[in-house]
Structure formats: C-alpha cells, structure tokens
Amino acid sequence: MKWRAISDSSAGKKRTFYLCVGILLLAGLIAYSFSLTGALFFDDRQNLVNNGLLQIDGSRFDDWRVAALSSGAGITRRPVAMLTFAINHAVFGDISPAHLKAVNLLIHIAISLLVYAFATSVLASPALNELDIGDRRLWSVVAAAIWFLHPLQVSTVLYAVQRMAQLSTLFVVAGLLVFTRYRLRWALQGASSGEVASAVLWIAMLWLLAIFSKENGVLLPWLIVVTEVSLFQGIWRKQTSLGLLRVGWFALFLPLMGLGLVLALSPDIVVGGYSYREFSLEERLLTQARILWQYLSWLLLPDIRAMGFQHDDVVLSKSLLNPITTLLAVFSWVALLWASWRYRHAYPLVFFAVLFYLVAHSLESSMFPLEMVYEHRNYLPSVAVVVFVAAVFGLMTRQISVLRPEFLVIGVLSVLAILLGLRTYAWSDELLRSRVNVENHPMSPRAHFFYANATFQQYRDGEKLGYSLEEQKKLAVRSHYHFERMYDIDSTSLTAVVMLHQLESELFSQMPGRPDRLKTLSDLLELKRLQSSDYSALGSLVQYYSRDLGRNGRRRFGLMLEDLVELFPNNAEFLVLKYEFYAADTEISPIDRLAILEQVAVANPHRMQVYAYMIAENRKLGDWAGIHKATLRWMEADQSRRHLRALRQVFNR
Amino acid sequence: MTHIAQFSGKVRFPLRLVLAILTLALTAWIYFPGLSGPALLDDFANVGVIPNVISSPQEGLDYLFGNRSGPLGRPVSMASFLIERQFTDGSVRASKFVNLSLHLLNGCLVYWLLLLLFRHVDASLTSVLAILLSAGWLLSPMYVSTVLYVVQRMAMLAATFGLLALISYCMWRDATRASPVWALFSVIFFLLAVLSKENAIVIVPLILLLEALWYDFTAVGRHSLDKARVAVYAMIIFGLLTIVMLLVLGHEWLVNSFHHRPFTLSERLLTQSRIFWDYLAQLLLPDVSRMGVYHDDIVLSRSIADPIYTLYALVGLALLASICLKMLTYQYGRYFVYAILFFVIGHSVESTVFPLELYFEHRNYLPGVGVFLVLGVAIAAWIKKWPQIKSVLLFYLGAYVVLLAFQTSSQVEVWASEPLFVLDSVKAHPRSFRANTGMATRMASLGDISAARHYSASAHSANQSEPLNDYLLRELALSCAADESVPSQRFELLEMSDNGRFITSVQTLHALVLMLQDDSCPKFDRYGFADRMEHFYLSKSATAGDAPGVFFSLAILENSLQRYDNAYNYIETYTRNNPNDIKGLMMKLHFLVILGKTKERDNLISNLLEYNKAGLLTVAQQRTLDLYLDM
C-alpha cells in the first residue's frame, strides 16, 4: 500500500499530520485572538451598544428576562442569543468588543467540533459507506478544520451581533448530529417507539433553542429531511423502508408547498415588505440566483479581495437577461439540481451538499425582503460544502496516486490560515477594516460611509490620538471625500447629504461654491420613500442642531421638519424628530412639547420612547399625575413588560 | 445521549441537594425585590394593628382571638403576626419576608409530599421529578398575590399545616411498622391548618381519597387493608351524604346569604365553572397581564348560555368527570384522578356554594399542588411507557420552570412598587370597579381631579349596580383628596333613592369623614355637607334607613364639627341597631359626658361595666372606661 491515505500510514506519520493540522488551527485561533479588539459597528450599536436593557449587572433576576427580550430583531427577539450577551455584560461589566468577540470565538470553536462530529456521521451514512475515501475520521477533521479556518467566517465571528447566527448554527448542527447519530443506529438495528420519541424530543429542544437564537433555526427539520432523503434513503434495519422513503420525499416538498400556500393566500406577508426596498420580489429572486453562485465561489475559492462587510454594490438582476449572468445562474442551478437528483444514487454526497446548501440558504437568500448579500448567511450552509470538499479530497487522494493527502490537506489549510490571518488583521481595526472595504468595493456607498465615518471619528479624536494639525486636516478632507463619493454613487442617500452638510458647516464653511445641502435634503425628502437609515441620518442632524442652538441653518431645518410633519401628520418618526429638535429649546414650553408627544402616541402607540419623553416633560412641570398617566400608557404599550426596569426607576427617584 | 440518559435515572444525593438549594435560592432571588412592595387592602385592618405582646399582653390576647375573618378566628395565623411583631421591626417588609420564608418552606413541603407520593409510583423517578414539580409550584406567578399580600399568610399557613398533615399521613402509611405518632401528627397538623384558615377542612377528603386512590388500601407488605377500605369508603359516603343533606336543608339559608352580593347562588356556581378552567390555565400557561388582586370585573354567568363560555366550561367539566371515571380502572389513571381531585377539592370551600367573592388567585395556593401533581403523573405515565424519554422530559420540565420563573419575576417587579401596582391593576382590569376607584383615589391625591373623575366614572360604569349617591359621594371624597373647592350646591345633588337608601358605601363615607375630620381639604364646605346629611338622617322628614356604619361615621363628622347633639343622635341610632357594639357605646358615653346627660351616662357606664365583667372589652376600651369612671 502506498501512503495515499493517512489511515494506511504509520502511527508516527499520522501523529505528525495531526500535529501540523493542530498547528494550523492554532495559527487560526491566534489570528482571531489578535483581532478581537476591533470596534463594534453597524447592528452591534442598536442591539448591544445602545441597548440599555441589555446592560445589566445581573443582580436582579428580572433584569435577565428583560435582557433576553431586549432585541428588536426578528419575530422572536432572539432571547437565547441576547441572554448570552447579557451574561457577557454581567460578567465583564461592559460591552467591550474583546469580551464579546472572545465568546464568539469560543462558539466558533464549539461549532467546529460539532462539524467534525457531524461530518463523521455523514461519512458513515448508508449512502456514503461505500465511498472510497480511507480514514473517515481524518476527513472529518479536515472538514472541521476548513470550516474553522475559512476566511469567509470572519465577518460572522468578528461581527459581535452575529452571535445570533452562530448560536442558531450551533443548535442546528447539534440537532443534525443528534439525528444522524440516532439514524445510523436505526439504519442497522431499527428503533423502539420510545427511542424515536426520545430523539424527536431532543431534536425539538435543540430546534427551539436554534429558533430563539435566530429565526433561521427553523430550517432544522427541513435539513433533517434533506439528510434523510439524501444519505439515509429510508434505510431501516438494513432494509429500504418505502414508507419512510415516501414520507421523506413528501416532507422535503412540504415546506415548499407551505410557502406556495402562503404566497397564494396571503402574498402581502412577503410582498408587503418590498415597499421599503429598492428592489422587487422578482429582482431579488433573480439576483439571489447569481449571489448563491457567488457565495459558493467564495467558499470554494476564497478570494478575500472580493469579500467585505458590505456588498451593497451588487448589481441587481432586473430580468433574466439583465445582466446575462442571471440567466446562466438560474439555468445552472436548475441543471445542478436536476443532475444531483437524477444521479442521487451514484453521487449521494453531491445531492446532499446541493440540497443542504440551498435549503440552508432558503430563508435569507430567497423571497423575503432582506438585504441582498451578507457573508454570515453562509455560516450554516458552508457546513455541507466543507464536508463535501473534504470527501472530494479523500476521493482524490485515493484516485490520484501522486496526490498525497498530507500535502493536499496541509497545503489547503495553510492557504486558508494565511487568508484568515490577512482578513482578521484587516478586521482588527475599524479604520483599516473600512479602508480595505472601500478598496475592495469602490462602488459600495456603505463602504464609503463607514470609511468616511471612521476617518471623521479619527479627526474628532485627533488631539487625543496625537495627530498633528496637518494630519487632522487630511483626515477631515478624506472623510469629506468619501462622503462625497458615497453621494456620487447614490445621489438619493440622505446619510451622505446629512453628513456632508454637518462636515461642511463645521469645517468647510468657507469652501467656494459650497453646495446647499439643506436644499438637496429638502428635495430628497419630497421624493424619497424613507428607510430606517434615512431616519437615523435625520436623527443625527437633529442631534447636531440640538447640541448648539445657535448653529446656522437650524431655523431652516426646523421649518423643514415642520413641513414634513404637516405633510405626514401620522408619521411618528417625523414627530419624534420634531420633538427631539425642540427638546432643548427653552423657547418651546414643556406643554407644547407634550402636545407633540401626544401626536406621536396617537400615531404609533407602540413607540415606547415617547412615554419616557412624556415622563421627562411632566417631571419638568412637576406634574406627578401626568407622570402616572404617561407611565400607564407605557405599561399598556409594553405588553411583554420589557421596560419594567425603566418604569421602576420613574418612581424610585 | 446516553450520558444524559444516565443523569436523571440515579441522581446522587449531593446533586439532588444542590438542585433543591438552587431552586430555593432562585425563588428567594426572584421574590426579594417584592419585599419592598406596599401593604394592601386587608393588610391595614389585620396586620397594620398588631400590638406588642410584651408591653401589652392583654392586647395581644385580644388580637389573637379577636379576628372575625372566619368562624374560627384563625388564631394560628394571628399568632404568627404577633410573633413576627416581637422579632422584627414590625414593617411591611418584615411581614413580606416572613411570607416569603413560609413560601420557601411550603416549597420544601410540596417536594417532600411529591417525593413520598412518587416513591409509591416508581422509585427511580422520585428525586428530580419531585424537585422540578415543586420548583414549578414555587415559581408559579399565580402565587405572587399570595406571597406578597401579607394577610394571605392565613392561606399560606393553612397550606403549610395541610401539607404537613398529608405528609404525616404518607409517613404513617409508608412506615414498615404502624406507628401512631405520625397519625397523631397528621391530626394535630390538620387542626393547626383549620385554625390558620378554615378552608383547610379540605385536608380530610384529601387524605381519604389519598388512601382510596393513591395507596389503594395496600400496606407496605403488599397485603390489602380491607378494614381500612370499609372505613374510608364509609367516611367518604358519610361525608358526601352530609354535604348533600346540608345543601338540601340549608338551601334557603344559602340562597338568602347571597343578598349582599351582586350575584345569586346559581350564578356563582355557573361562573365558578368558568373560573375553574381559568385557574387551571393560569397555573399551567400563565398570562401575567391578567393577574392581580382585583378580579371584580369577571363577567357573571347569568345562565348556562350567557355567556356561551359557561356552556363550554360545563361541558368541559362533564368531559373531565367522565375521563376521570374511565381512568379509575387503571393504576396510573387513579393517580391522575387523585391529582385532579386534589385541585377540585382544594377549591371546594371557596369556589362553590358560599357567598364569597368570585375570583382570587390565592385560592389556588394549596389546590395548585394538584395541578403539578397532574403534570407529574402524566410524565410518570409517559416514562413508564417510553423509559428512553425520561431525561429529555425532565429537561423540558426544567425549561418550563424557567419560563414560569420569568413570568413570576415580572409580576414581582410590579408588586414591588406601589405606583406600578396601582397602574398595573387598572391596566390589567380596566373594567374593574376596585382598580378604577383605586386609580381615581391616586389621581385625586396627586391633584388631578379630572383624571380622578374619569376613573371614578369608569368605576361607576363598570359597576352598574352602584347607587348614584355612592358615586356622587366618591366624587366629593375625590374633590376633598384633590383639595378642590366644593361648594354646598354640590351636596344638593345627593338625593334620596326610591328604595329608602341614601348611602350604601360606608367605606367611602368613612374615608371622606376622616379627611374632613383632619380638615385635609379646607375648601370643602364641611358644615354644608353635615347639614345635608342631617337633612336626610336627622330631620323630622328623614327616612333614610342605611347601614349602621353610616351613622357611626356621621357621628365622627359631627364630633369633629363640635355639633354634639347631632353626633349624639347619630350614635344613638347606631347603638340602637347594634346594642352590643362596645365601640359605639364608648362613643355614646363620650357624647353623654359632653352633653351633661348624667343619668343616661351612669346607666351606660353600669352597662359597660357589665360588659367588662363578661370580658367583652379590650384593654384599650377598659382604659378609656377607667378615665370616665375617674371623672
């Protein structure tokens, strides 16, 4: 026997091989460890940094409940994930990037171990037990190592809030592992009803934990069906059970039928959300066909220059032929699905990997009106891909005599480790990360925004950071340039206009030919259907004018807000902005401000912040009855009692 | 998986102990913030007046045996308040702390009882299952209104001794050699339970059914106890016959005893059928947004189909009864029936024919054990069928307990703050008369009379049977609380009703009078108000035949205005209706002395001395009488 498979080699060689893999994994771990201090950003702010409900010391039991429900994300509020963030805060006393990301890294390690165990089960399944890949345990290690070291995972592990996706993946993979472990036994020996009941209950518990970490966890049963149909093929006690096989196939199509039914009976559930997007349902579906190939290419040939945090520069597929790659993408997916189904008995692993990959993407990369591209969406789907790749490596080393497994594996893992090191290095610093993003995605408005914003922060902290005046000036100019680029690429971006207005008012007031940004803003507000990022931009302008009531343009902006409120009297967001604009204005009486807040409460009684504002205004008036009335309205709006801590403090002062 | 499967099967003692301690610590942790909550409703009358037994032992005895909440006076509960007063600072917080400690103790007793019961079912099940079920009971949000409502110590103590009686019985039955000590303990604990609160009488049928359904008259050596079988069945039949006989013979008395309630006997029974299911739902799948101390907004069942849910509830009960009958033929079925009956019989005093209010959460304190027992029996039955699911089921039960804990903690936080409690009451029960009047009072005290009027009007619309004068009187009291100017013209609105009643809400009048007595609202025309009252109660054309309490309150008012003739006339009417009321007689004595009516004064003093000889005067009253004797 040649040493084509490590299993055939001596124990010493095997040890050396595992040692090399271990060193590479350790290198990956070190690469991650040095990048944990990178700043929190984007959704981290809303969910963690600015989430007062989460930041608990843990001494009061109810604070844990409130912290668990403190996220507004998803339909479940993702309490399991939020609880882990609360533990972070209670243990370390802060929401620091290093502590949060260290826990994320631990979860990443834990999932890698599960991926290893799952891969062992998959490779031992009835459909694959004839596969000539040598030592299955070794290729499972390889699968887990690839998954751990893959640079695409960086934007999940080092993006603190994506712990939600991590935990969901953790419980889904654990559920799959439980299923495959039981199923392997049943395929040989069958099972009693008690054992089946036990498996179902364990899996159901993991399923619930996955869903309450992030809603993608709902896919676990479907992935189990994929595993059953592709790898176990209805085999029960060494025989093919036609009943089980039929149930499996029926269950495979059941979610599709359910989705079809939802679309037929109540399309608004899906289609309604597109009114806030800049693309239609059809455009999203067509674009996703291309993006799914893009994801796959990143997984198979990790080009870290194409990766990045933001991918809002993706070209929309307007039709099957625009761009033409859309047609190719759709056709090739159909062809791949057909071929993998047609040859499922000959190539069950292909069938499994394709189905798993598509099903695991089916929630975020299909018809729901989410943003187009995020790398973290591959966290779960990549599990099947790495198992597939490891098995293919195994086959290759058996088939191609010159291909020695240790060289192949260590070579691939080394490349991944280097790429991982480079990528984690870029993520270790906010300025660096955003600069790399801009370089890799020059047509991404958000990439420019993040870089401009990071640069602006550096300018703000210039003295503290020891920059010379000249350097500070350069930072300001660079920030302005990238906000301008953002506006050039997306001329409907309120964020760009607002930031440019603030920058120019503060730093470039004497700039010749300075554009009238407030006029641009006013024009945009008339034309554009606003999204949450636009309201945030307006909010930042409100804050800008509230910090200094004597700033130029304040009156004009105030009138603009008045016009907006008059035009959209039921828009609670505009009303809140109007209130915040006047909150520090001593010329407006608390009673007038309370009148604005009353309008907000009528427009949107579930906007909790308004009641806190009402209480503050009543406190200024010394009106305790008013405080009681506002508190009661807050309690009525807060059905899940998330704000009990704040309510308690109203009367504790 | 196998490791986990091994986990629950033979849980070692230290792990059990750790689990139990963790459960108790968790409960204490959750409830701890609630200790800073306010005293409520009946607390003021029962707990706010605890004397110091060391400095005045006689007053202590008066307190111990002077409670009139139940026919037996609940001396054990009153003793607990007295003892607590000696060892604490007498604050509400201390009282709530005692309640919490008692709740933790009761949790341990529930665990002990379940342990004994499940040991009889399947020895491999007992420890973790019993801990988790008792944790579920301890952490049920339904009991926040018991633990943090000081006066509900009575219900808690009844449960403590009731559980001890049941445990003693189980110990007696499980002993290899029959020892009378446990049996004696069972009797003693039962007596203590009844003397804590009378509804502990249900322990008797619970013990009888325990023997009949759980132990099935089987002794430790597996031989049948035929004599016991005859005795127990005889007692059950005798008990049932006695109840039926009492219901038949006392039917008219029962029906009449509802005259002061806004519902009849049949309406109460029909409504209770719905409440039964609601209690069950609130114990198993709690909805804390509906919980609280006020449930006077519950819709009455006027007939089987009004509202239609009554019919569903009755059909549900019939179905449950038939399922229970069917289950009696199976071993686990009998356990299930006992658990159901534990809940049903636990409610048999307060949720059936007696003219009590319709709904209180604390009524589930002991019966709730039955609900968790049902869960336990169901789990035991499933595990018997599928032993492989034991560990996973226990994990589910643990997760369920955690969810209950989260519900409880939010409810505790509401109860920890007096303003939040008031606001939550009106939020949870916007059609509750009491919640709305509570809110009206609060808004008035904060000076917002228009908001107070709004809630007062809501209260009035929620209680259609409230007489108009009571509503107007409340408006006057609210105006006084808000220190609003009240001209005499507003008193003209108070008119005599057709049924000869002028004021029925003695409580509102009394509250107003106390404020007027303290002159808390100087802009209120006190004399004008007293004149209007005089017009209806003391003038020649006066026909008002109101409750004696009205006259007592008005006597206080006239006394504060120093119009002693009127005060005397009011108290005269009061004592005419309550000739043996010492409190009224003492006040009458006061007016007689001021008015110089020597002869009547002497007669009254000699009467009071007679009462004193009979031991009817409290220490405080004796001291007051002594002052008059010295004059």
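The crossing of helix 28 of chain B and helix 29 of chain B is left-handed; a crossing is given this hand if the near helix is turned anticlockwise from the far one by less than a right angle, and is right-handed if clockwise. Helices (H or I, at least four residues) and strands (E, at least two) are DSSP runs, numbered from the N terminus. This is a predicted model, in which local features need pLDDT of at least 70 and side-chain atom pairs count only at pLDDT 80 or more, while totals for chains, interfaces and linings use all residues. Residues are numbered from 1 along each chain as its sequence is written, and chains are lettered from A and ligands numbered from 1 in the order in which they are written.

Helix 28 covers residues 598–613 of chain B and helix 29 covers residues 619–630 of chain B; the two pack at an angle of about 145°, with their axes 11 Å apart. Axes are lines fitted to C-alpha atoms, for helices over the stretch in contact, and angles run from 0 to 180 degrees between N-to-C directions. On the side of helix 28 of chain B the contact is made by B:I605, B:L608 and B:N612, and on the side of helix 29 of chain B by B:Q622, B:L625, B:Y628 and B:L629. Two residues are in contact if their C-beta atoms, placed from the backbone, lie within 7 Å. By class, this contact of helix 28 with helix 29 of chain B has five nonpolar, two polar and no charged residues. Ala, Val, Leu, Ile, Met, Phe, Trp, Tyr, Cys and Pro count as nonpolar, Asp, Glu, Lys and Arg as charged, and the others, Gly among them, as polar.

Chain B as a whole has 29 helices and zero strands. Its radius of gyration (taken over C-alpha atoms) is 28 Å, close to the 25 Å that the globule rule gives for 631 residues, so chain B is as compact as a globular protein of that length. The globule rule is 2.2 Å times the number of residues to the power 0.38. Along its principal axes the C-alpha trace of chain B spans about 85 × 55 × 50 Å. Of the 631 residues of chain B, 43% count as buried; a residue is buried if 20 or more other C-beta atoms lie within 10 Å of its own, exposed if 12 or fewer, and partly exposed in between.

Between the chains, 29 residues of chain B are in contact with 26 residues of chain A. Helix 18 of chain B gives the most to the side of chain B that touches chain A, with seven residues. By class, that side of chain B has 18 nonpolar, six polar and five charged residues.

The peptide bond between A:N322 and A:P323 is cis, with omega about -5°, and A:P323 is in the loop between helix 13 and helix 14 of chain A. A cis bond also runs from B:D306 to B:P307, with omega near -5°.

| Residue | Phi | C-beta neighbours within 10 Å | Class |
|---|---|---|---|
| B:F217 | near 55° | 17 | partly exposed |

A:R641 is found in the loop between helix 29 and helix 30 of chain A, and B:F217 in the loop between helix 11 and helix 12 of chain B.
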